[in-house]
Structures are given as C-alpha cells and as structure tokens.
Amino acid sequence: MADSTTMLSISDPIHMVLIKTDIFGETTLVASYFLEWRSVLGSENGVTSLTVELMGVGTESKVSVGILNMKLEMYPPLNQTLSQEVVNTQLALERQKTAEKERLFLVYAKQWWREYLQIRPSHNSRLVKIFAQDENGINRPVCSYVKPLRAGRLLDTPRQAARFVNVLGYERAPVIGGGGKQEQWCTLLAFLCRNKGDCEDHANLLCSLLLGYGLEAFVCVGTKAKGAPHAWVMTCGTDGTITFWESLTGHRYIHKPTNPDGPPLAEQPKPLYPYRTIGCVFNHQMFLGNCQPSDAVETCIFDLNDESKWKPMSEEAIKSVCAPGATTSLPPFPPLCASTIDASVTSNEIEMQLRLLVSEHRKDLGLTTVWEDQLSYLLSPALASYEFERTTSISAGNEEFQDAIRRAVPDGHTFKGFPIHFVYRNARRAFATCLRSPFCEEIICCRGDQVRLAVRVRVFTYPESACAVWIMFACKYRSVL
C-alpha cells in the first residue's frame with residue numbers, strides 16, 4: 001500500500017457517470033462528474049463525507065440534476081494522515097500549474113492556427129478541429145480523447161474491435177431548436193456507459209483500440225457526401241498503405257489517391273469510400289492540419305511526414321496537456337467489461353416474442369400460423385456466417401446452408417428467406433422495422449397451400465453488453481400455378 005504522500009501525488013480524479021435506463025432499455029446520460037478524492041488523505045481516521053452537486057450534460061450542463069452525498073474511506077487505513085493544509089496546498093499548486101499549461105497551449109494553438117491560415121486564406125473553411133467540447137461543455141484538446149486501449153481477452157483482432165465499435169448505438173447529440181449539429185464529444189466512460197454516441201465517439205474509441213493493437217491509427221475529421229461533418233479512422237501501414245475504417249459500419253476502404261494532374265484519358269481509381277473532404281488527422285501524440293491545395297480526400301496524399309502537405313503541431317505541446325498524468329488530461333481509460341448478456345437465453349427470448357408477434361399479426365389478417373422448428377434451426381448457419389462476414393470481410397459456410405435448405409424444401413415448394421440485423425434487443429421494435437420491408441412483409445403475411453413459417457434469432461455478444469442481433473424470417477409453401 002502506498003503511503004499518504006505518494007497517494008497525494010496521484011492527480012487522477014474518480015470519474016462518475018449517472019445513467020437513466022427506461023423500461024425499454026433505452027439509456028440517457030444524466031451527469032458526468034470528476035471527483036477530487038484526495039481530501040480524504042487529510043481527514044481524521046481516513047474517513048470524510050462530501051456533498052457534490054451533479055450538473056446535467058450537453059445543453060443542460062449549467063442545470064443541476066441533484067445532490068450526491070458521499071462517504072469516502074481509505075482501505076486499508078493509512079499509517080499516517082496528512083494535515084488538511086498540506087492537501088489543500090498541493091491541490092492549489094496543481095490547479096495553478098494546470099491553468100498555466102492550458103494557457104500556454106492555447107497561446108501555442110492560436111499561433112499555429114495563424115500560421116496555418118497564412119499558407120492559404122481558404123484554409124479558414126477547412127474542418128481543422130483543435131478543441132472539442134465534452135459532455136460537460138468543457139473545451140479539451142481533441143488529442144486527449146484518444147489513448148491506446150487494450151481490450152484484454154475480450155476482443156482478439158483489430159477487425160473484431162471495429163465490429164464491436166460498430167454495434168454500439170449511433171445517436172447524435174440532442175439539439176434544442178434548429179441551427180445544425182450540437183457538438184458533444186463524450187469521454188470514453190460516458191460513451192461506454194450509455195452504449196451509444198455520435199460518430200466522433202465511435203471514431204475516438206476505434207482509434208484507441210487500433211493503437212492498442214500496435215497500429216499507427218489516426219482519427220480523421222472532414223466531411224462526407226452533401227458536406228455533412230464526419231469523423232472516421234485511418235491506419236498507415238509500414239508499406240505506405242492507407243486504410244480508412246468507418247467506425248459506424250465497420251467497413252474498411254483502401255485509399256488510392258487520384259492524380260489531379262494526370263492526363264484526362266488516364267483511368268483514375270474510383271473511390272468506394274463515402275468521404276468527401278479531410279481537414280485534419282490526430283491521435284494521442286500528433287495533430288496534423290491538411291495544407292494541400294485541395295482538401296478533397298480522393299486527391300489527398302497521406303505522407304504525414306511531408307510538412308508541405310500536413311502541418312504538424314508540436315508533439316511537446318500536445319504532450320504537455322494530453323500525456324497520461326498531465327493534470328489537464330482525462331483520467332486513464334477504464335478497462336472494457338465483459339458482456340453480461342447470455343447469448344443463447346436472449347436469442348430464445350427474442351425468438352419466442354417474435355413468434356408471438358407474427359402469429360398475432362397473421363391472426364389479424366385472418367391467417368393461421370404453422371411453425372416448423374426444423375426449418376427454423378436450419379437458418380442458424382446462415383446467421384453465423386453473416387456475422388463472420390461482417391467481422392472478417394470473408395464469406396464462408398454458405399454452401400452447407402444452401403444444401404440443407406434444398407433438402408428441406410420438397411419439389412414443387414417455394415422457399416423465401418429474409419435476414420436483417422439490429423444492435424438492440426427490443427423484439428417489438430425489431431418486428432415493426434421488419435414489417436416496413438416489402439420482402440419481409442411478404443414472408444410474414446405469406447398466403448398459399450401448406451404454408452410453413454420459420455424464424456431464427458442469433459444474438460452475438462460483445463464487450464460492454466453491446467450486441468449484434470441477427471433475425472431471419474423464412475417460409476416455404478406449395479407453388480400453385
């Protein structure tokens with residue numbers, strides 16, 4: 001156990017996040033609070049009581065959501081406590097030091113921005129994001145939102161990590177009134193606790209995980225089609241290969257730049273990625289502004305060491321405010337938690353609920369429902385191969401599925417199947433979405449001779465109780481000409 005003086009030098013606060021969960025399992029972030037716990041080091045017997053006021057988040061960061069009464073106690077008890085005066089002096093010194101570091105970084109960032117604008121005035125309209133507001137409305141350097149994160153034994157490969165980030169829900173920060181997008185970059189703990197967030201939250205988490213896997217990863221800030229602001233991740237291979245990772249879908253794209261000065265008839269690679277422009281890239285140690293003549297992604301050269309193409313920020317300046325232990329940086333990232341969802345139990349529950357919903361829906365249409373358990377079971381391999389393909393980009397095992405279906409469907413009968421994928425576990429909501437697809441509705445409302453229906457649900461669990469839910473509806477019936 002460290003002594004009280006060593007404990008006093010640990011400046012990381014305790015990060016507390018308050019989440020509200022409704023009856024449908026929808027989560028809302030209520031408050032995010034950084035607790036300065038070291039007052040307990042100067043209290044008698046190592047026990048102290050605190051009262052803190054929790055404030056709301058985003059647009060409500062100035063509104064109180066409640067008072068929290070806390071009792072802090074050191075275990076095991078300290079051999080000697082410090083005087084309250086020593087603790088207060090240390091905290092005051094740290095605050096002073098932090099304020100000075102933040103002031104110096106701000107002066108440096110302003111100077112860097114002035115130099116960047118002097119390269120070409122049009123840079124003013126590029127998406128070069130040096131600071132971003134967190135859920136409490138505090139401006140932080142963007143580099144502090146990314147840190148190498150190891151997933152322990154919960155995720156085995158970078159592509160599996162991309163799949164995990166992609167199954168976390170997507171939700172834009174709420175806006176009151178019109179006027180475009182409300183900016184709110186969540187700290188990692190707040191993002192994981194509510195299990196959903198904006199594209200920047202997804203990109204920061206994916207970049208952190210890829211850095212943990214030893215890749216050279218950066219968050220890219222730019223726009224996608226129609227000029228909408230967007231964030232995604234880029235990795236630079238040792239052979240110079242540039243790969244874009246879309247954190248909301250898990251898709252990967254190899255970037256091959258087009259040459260704007262090439263002959264007009266020369267065949268140029270057609271980009272498959274959805275990104276239009278790029279303003280800057282950053283990770284936990286570097287920040288680079290795009291200073292090429294055009295900020296179009298397709299003509300962009302990603303040689304980050306070429307200062308005529310990418311204007312770097314001083315790594316020392318970034319380190320002063322973003323390195324671990326820098327008092328302005330966020331506390332260490334929490335380790336990812338294993339899933340608490342039982343995949344087979346949850347799959348069964350959703351499947352039973354869907355059977356009930358389909359039967360009720362058909363009854364309203366005056367149709368009877370006959371389920372065929374064997375046909376439902378045969379759909380399992382297809383769902384497993386869909387998830388495998390999403391994770392690895394390799395399709396496998398479809399031949400056996402097709403063969404089994406051919407055997408299960410007699411001559412003169414027709415088989416129809418419809419797979420669909422969700423990242424939530426609400427059966428009623430999933431069923432309503434399925435009915436909006438004409439093809440799925442055709443299966444659920446199938447009429448004919450000897451109609452047999454099947455549904456299979458397969459839940460794939462990921463860390464932090466995120467999950468991918470695959471559902472397949474199918475029917476077979478006798479074709480009557």
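Author: Happy to. Let's begin with arginine 355, which is found in helix H7, residues 343–364. Helices here are DSSP runs of H or I with at least four residues, strands are E runs of at least two, and both are numbered from the N terminus. Please keep in mind that this is a predicted model, where local features need pLDDT of at least 70, side-chain atom pairs count only at pLDDT 80 or more, and totals for chains, interfaces and linings use all residues. Residues are numbered from 1 along each chain as its sequence is written, and side-chain values use heavy atoms, with hydrogens and water left out.

Reader: Why is arginine 355 called buried?

Author: Buried means under 20% relative accessible area, exposed means over 50%, and partly exposed is in between (1.4 Å probe, protein chains only). Arginine 355 has a relative accessible area of 15%, so the residue is buried. Leaving aside neighbours within four places in sequence, arginine 355 is in contact (heavy atoms within 4.5 Å) with Trp371, Asp373, Ser376 and Val455.

Reader: What makes threonine 346 count as buried?

Author: Its relative accessibility is 11%, and therefore threonine 346 counts as buried. Threonine 346 also has its place in helix H7. Not counting residues up to four places away in sequence, threonine 346 touches Ile341, Arg425 and Val459.

Reader: What makes helix H3 mostly covered?

Author: H3 spans residues 158–167, and seven of its 10 residues are buried. Among them are Phe164, Val165 and Val167. Across the chain, buried residues make up 46% of the 481 residues.

Reader: How do you know how many disulfides the structure holds?

Author: A disulfide is a pair of cysteine sulfur atoms within 2.5 Å, and the structure holds zero. Take cysteine 143: the nearest cysteine sulfur, that of cysteine 322, is 5.1 Å away, and cysteine 143 is in no disulfide. For cysteine 207, the closest cysteine sulfur is in cysteine 220, 8.6 Å away, so the distance is too far for a bond. Cysteine 143 is buried at a relative accessible area of 4%, and cysteine 207 counts as buried at 0%.

Reader: Why is the pair of tryptophan 112 and phenylalanine 287 called edge-to-face?

Author: Rings of Phe, Tyr and Trp (its six-membered ring) pair if their centres lie within 6.5 Å; planes under 30 degrees apart count as stacked, over 60 as edge-to-face and the rest as tilted. By this rule there are 18 aromatic pairs. The rings of tryptophan 112 and phenylalanine 287 have centres 5.7 Å apart and planes at 80 degrees, so the pair is edge-to-face. Tryptophan 112 lies in helix H2 (residues 84–119) and phenylalanine 287 in strand S14 (residues 287–290), so the pair ties together parts that are 175 residues apart in sequence. Both residues, tryptophan 112 and phenylalanine 287, are buried.

Reader: Which residues form one aromatic cluster?

Author: The cluster is formed by Trp112, Trp113, Tyr116, Tyr145, Trp185, Phe282 and Phe287.

Reader: How many helices and strands are there in the chain as a whole?

Author: The chain has 12 helices and 18 strands. Of the contacts in the chain with a separation of 6 or more, 65% come from residues 24 or more positions apart.
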